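Thanks for coming, everyone. Please bring the structure up on your screens, and we will walk through it together.

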Amino acid sequence: MRLNEYSSLDEFINEYTGEWNPSGGHWLGLDFIHNGKRYRLHTGAMYNSKCTILPDGKEALFGIYKFNAIKDSKGHEYSLIGEYSDMESLLDNCIIDGRKFRDIIMDDNTQMTGKD
């Protein structure tokens with residue numbers, strides 16, 4: 001049985017690009033489980049007041065975080081895996097368990113647990 005609610009990569013991309021508007025199907029964040037581990041995709045800065053400027057001078061628009069059962073010294077529940085300036089960079093350069101994010105987000109067993 002397929003757990004993943006996304007039927008196409010375009011469906012996922014359309015929800016996380018464009019202007020934030022939940023009633024219009026555009027979201028700021030996505031919580032998901034892959035291989036029994038919890039993760040979060042977050043647009044913009046999750047814990048900072050400003051977005052990170054990446055080494056190439058571009059602003060980080062997407063961050064991928066892994067859930068920590070125990071909060072860190074700053075009270076954060078998630079640790080940063082990586083930040084990306086655009087959707088293509090996220091899809092092709094974020095690696096989780098040796099797989100590109102584009103494959104993780106479309107995996108039959110990836111379960112979406114929340115959107116905000």
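Let's start with aspartate 92, which is partly exposed at 27% relative accessibility. Here, buried means under 20% relative accessible area, exposed means over 50%, and partly exposed is in between, with a 1.4 Å probe and protein chains only. A word on the source: this is a predicted model, where local features need pLDDT of at least 70, side-chain atom pairs count only at pLDDT 80 or more, and totals for chains, interfaces and linings use all residues. Residues are numbered from 1 along each chain as its sequence is written, and side-chain values use heavy atoms, with hydrogens and water left out.

Back to aspartate 92. Its salt-bridge partner is arginine 102, with the closest N and O atoms 2.8 Å apart. By salt bridge I mean a side-chain nitrogen of Lys or Arg within 4 Å of a carboxyl oxygen of Asp or Glu. Helices (H or I, at least four residues) and strands (E, at least two) are DSSP runs, numbered from the N terminus. Arginine 102 is partly exposed, at 23%.

How many salt bridges are there in the whole structure? The search finds 8. Take glutamate 15 and lysine 115: their closest N and O atoms are 2.8 Å apart. Glutamate 15 sits in helix H1 and lysine 115 in strand S7, 100 residues apart. Glutamate 15 is buried, at 13%. Lysine 115 is partly exposed, at 26%. Another pair is lysine 37 with aspartate 97, at 3.1 Å between the closest N and O atoms. Lysine 37 is in strand S2, and aspartate 97 is in the loop between strand S5 (95–96) and strand S6 (99–100).

Now helix H1, residues 9–16. Which of its residues are buried? They are Phe12, Ile13, Glu15 and Tyr16. These residues cover an arc of only 160 degrees around the axis, so they lie on the same side of H1. That arc is taken from the directions from the helix axis to the C-beta atoms. The buried residues of H1 pack against several elements, among them strand S1 (29–34), strand S2 (37–43) and H2. Just after H1, glycine 18 has a positive phi of about 100 degrees.

On to the strands. Two strands pair if DSSP finds at least two bridges between them. S1 and S2 are antiparallel, with 6 bridges. Phenylalanine 32 has tyrosine 39 in S2 as its bridge partner. The two strands make a hairpin with 2 residues between them, and asparagine 35 in the turn has a positive phi of about 50 degrees. S2 also runs antiparallel to S3, through 5 bridges. There, leucine 41 stands opposite isoleucine 64. S2 is largely enclosed by the rest of the structure, because 5 of its 7 residues are buried.

Next, serine 85. Where is it placed? Serine 85 is in the loop between strand S4 (78–84) and helix H2 (87–93). Serine 85 is buried, at 12%. Beyond its neighbours within four places in sequence, serine 85 contacts Leu54, Lys58, Glu59, Ala60 and Leu61. Contact means heavy atoms within 4.5 Å.

Last, the cysteines. A disulfide is a pair of cysteine sulfur atoms within 2.5 Å. The count is 0. Cysteine 51 is partly exposed, at 24%. Cysteine 94 is buried, at 0%.
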